[in-house]
Amino acid sequence: MTDTAPPSLCDREPHVPADRLVAEMVPPPRFDSVRFDTYIPDPNQPSQTEAVRVLAGFAAGLGGAHAVGGGKRGFLGFGRARTPKTPAGPRGVYLDGGYGVGKTHLLASLWHATPAEPSLKAFGTFVELTNLVGALGFQKTVQTLSGHRLLCIDEFELDDPGDTVLVSTLLGKLVDAGVALAATSNTLPGKLGEGRFAAVDFLREIQGLSAHFRPLRIDGEDYRHRGLPEAPAPFTDEEVTKAAYATEGASLDDFPRLLAHLARVHPSRYGALTDGLGAVCLTDVQPVPDQSTALRLVVLADRLYDREIPVLASGLPFDRLFSEEMLNGGYRKKYFRAISRLTALARDAKGLVA
């Protein structure tokens, strides 16, 4: 145990330059080492095995051909490039399934399997892509990405019509440039019936791009709960505080104060907010008070999960963060994903308490 107080996320206000946004368009650290052969299909869900087969073939089909106007370019896509061949076959694939069936694992595996330099492949969430457009402007984003062979978009946001139109327009430009696309998505608000998948919504919302996507349905249960114990009970404030002092690289924050701080930091910076952390320790976890706060917490949970940062907490268990109204509303899928991911990180953090 050290006498030095752990850092607080509330003291951090990171500023992320545009070039870092571009350079970080790669699979997150949690998915650095995933490959198709590390994906373990559920034997009761043959669609999972079929998805691996189709995606491996899709990746192989992208070899040996740059995007139209592609080739290796400098930052922001400027500079001369080789005139490529136009790749044959489908230009896009959409992974259609519920949360926790391994869509991001498969999407990252596709990125790794595509035979191209990392600088010619891009991977990011829908939010990260819209942040890139905000940082560079629309035309420079088109120039930046049009030299790529593959763009992977995780968690395409179908619940924001304005951003959906913006990104669909961007993707249209990239398809015209010969860039291959792969995506996963969330369902639309009010379209979240039990057992329902998002392919119809996705293909309708991207309108003219739908012909470029082959939907791949991936059935299954949330793998994070497959055969695993229930989420661990929260610890006491004293246990969490002691663990924060004893754990190198751990932060320590009061949960309500952290939620207030997230409102002052743009979600595009939540990844940078966690730079250098080995664990996040939270005291006095309480129900999230409103939907805006809840959606910000979802983004933070995604960034923590991507970076495999354990979360040790006192107060309420994570499955009681969101109200019944929230869990039954239009963003239900996001909240259940956040609960699932925070629960996994809470399991990872159990060993921090002596």
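1. The model is predicted, so local features need pLDDT of at least 70 and side-chain atom pairs count only at pLDDT 80 or more, while totals for chains, interfaces and linings use all residues. Residues are numbered from 1 along each chain as its sequence is written, and side-chain values use heavy atoms, with hydrogens and water left out.

2. The whole structure holds nine salt bridges (a side-chain nitrogen of Lys or Arg within 4 Å of a carboxyl oxygen of Asp or Glu). One of them pairs Arg20 with Glu24, with the closest N and O atoms 2.5 Å apart.

3. Arg20 also forms a salt bridge with Asp275, at 3.1 Å between the closest N and O atoms. Asp275 lies in the loop between helix H10 (270-273) and strand E7 (279-285) and Arg20 in helix H1 (residues 18-23), so the pair ties together parts that are 255 residues apart in sequence. Helices (H or I, at least four residues) and strands (E, at least two) are DSSP runs, numbered from the N terminus.

4. Glu155 forms a salt bridge with Arg341, the closest N and O atoms lying 3.6 Å apart. Glu155 belongs to strand E3 (residues 150-156) and Arg341 to helix H13, so parts 186 residues apart in sequence are tied together. Both residues are buried (under 20% relative accessible area, 1.4 Å probe, protein chains only). Shared partners join Glu155, Asp302, Arg337 and Arg341 into one salt-bridge network.

5. Of the 18 residues of H13, 15 are buried.

Notes: Buried means under 20% relative accessible area, exposed over 50%, partly exposed in between (1.4 Å probe, protein chains only).
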